Amino acid sequence: MYYNHLSRKERYQIFVLLQAGKNKKEIAQLLNRHPSTISREIKRNSKHNQVYQAHEAVTLARKRRKNSGNGKPIESSVWRQVEKYLMLYYSPEQIAARLKKISVQSIYNYLYQNKARYEQFM
């Protein structure tokens with residue numbers, strides 16, 4: 001067994017196999033997945049009191065994936081403040097503590113992405 005997100009194809013296979021009367025354990029064996037993966041998929045992507053629909057499952061999974069992450073993007077005004085403090089030789093830890101709107105890791109990621117520009121601070 002392995003772990004990967006279910007693909008669109010697998011979601012349609014689950015739908016067809018459910019329609020054919022297969023149980024979750026049989027579906028899991030056919031798709032080389034753990035039975036709990038199939039069970040969670042059906043539970044998570046079925047609307048209340050309705051049967052599992054593949055197209056609905058794909059849509060719901062995409063929405064969850066799109067909305068996953070750490071939250072909202074950091075505003076450009078915050079980045080300007082970060083840059084101001086970098087020019088004053090503040091450390092990312094000091095900047096994050098002062099601004100409280102941004103994490104230390106976000107500042108380091110920003111520095112690495114703009115390495116040529118901020119090499120003097122690294």
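## Overall architecture

Of the contacts in the chain with a separation of 6 or more, 46% are accounted for by residues 24 or more positions apart; contact here means heavy atoms within 4.5 Å. This is a predicted model, in which local features need pLDDT of at least 70 and side-chain atom pairs count only at pLDDT 80 or more, while totals for chains, interfaces and linings use all residues. Residues are numbered from 1 along each chain as its sequence is written, and side-chain values use heavy atoms, with hydrogens and water left out.

The secondary structure comprises eight helices and zero strands, where helices (H or I, at least four residues) and strands (E, at least two) are DSSP runs numbered from the N terminus. Along the sequence the pattern reads α-α-α-α-α-α-α-α. The radius of gyration is 23 Å, well over the 14 Å that the globule rule gives for 122 residues, so the chain is more spread out than a compact globule. That radius is taken over C-alpha atoms, and the rule is 2.2 Å times the number of residues to the power 0.38. The C-alpha trace spans about 65 × 30 × 20 Å along its principal axes.

## Surface and burial

The chain exposes about 9,100 Å², of which carbon and sulfur atoms supply 49%; accessible areas come from the Shrake-Rupley method with a 1.4 Å probe, and for residues only the protein chains shown count as cover. Buried residues make up 30% of the 122 residues. Buried means under 20% relative accessible area, exposed over 50%, and partly exposed in between (1.4 Å probe, protein chains only).

The buried residues of helix 7 are I107, Y110 and L111. Seen down the helix axis, these residues fall within an arc of 100°, so they line one face of helix 7; the arc is that of the directions from the helix axis to the C-beta atoms. The face turned away from this buried side carries the exposed residues Q105, Y112 and Q113.

Rings of Phe, Tyr and Trp (its six-membered ring) pair if their centres lie within 6.5 Å; planes under 30 degrees apart count as stacked, over 60 as edge-to-face and the rest as tilted. By this rule there are three aromatic pairs. One of them is stacked because the rings of W79 and Y110 have centres 4.2 Å apart and planes at 15°. This pair links distant parts of the chain, with W79 in helix 5 (residues 76-87) and Y110 in helix 7 (residues 104-113), 31 residues apart. Both W79 and Y110 are buried. Y108 and Y112 form another stacked pair, at 6.4 Å centre to centre with 25° between the planes. These two tyrosines both lie in helix 7, four residues apart, about one turn of the helix. Y108 is partly exposed, at 27% relative accessibility.

## Loops flanking the helices

I74 lies in the loop between helix 4 (54-67) and helix 5 and is partly exposed, with a relative accessible area of 28%. Leaving aside neighbours within four places in sequence, I74 is in contact with W79, I102 and S106. I74 and I102 are 28 residues apart in sequence and 7.4 Å apart in space, C-alpha to C-alpha.

Y89, in the loop between helix 5 and helix 6 (92-99), has a positive phi near 65° in a residue other than glycine. Y89 is exposed, with a relative accessible area of 63%. K100, in the loop between helix 6 and helix 7, likewise has a positive phi, near 60°, and is exposed at 70% relative accessible area.
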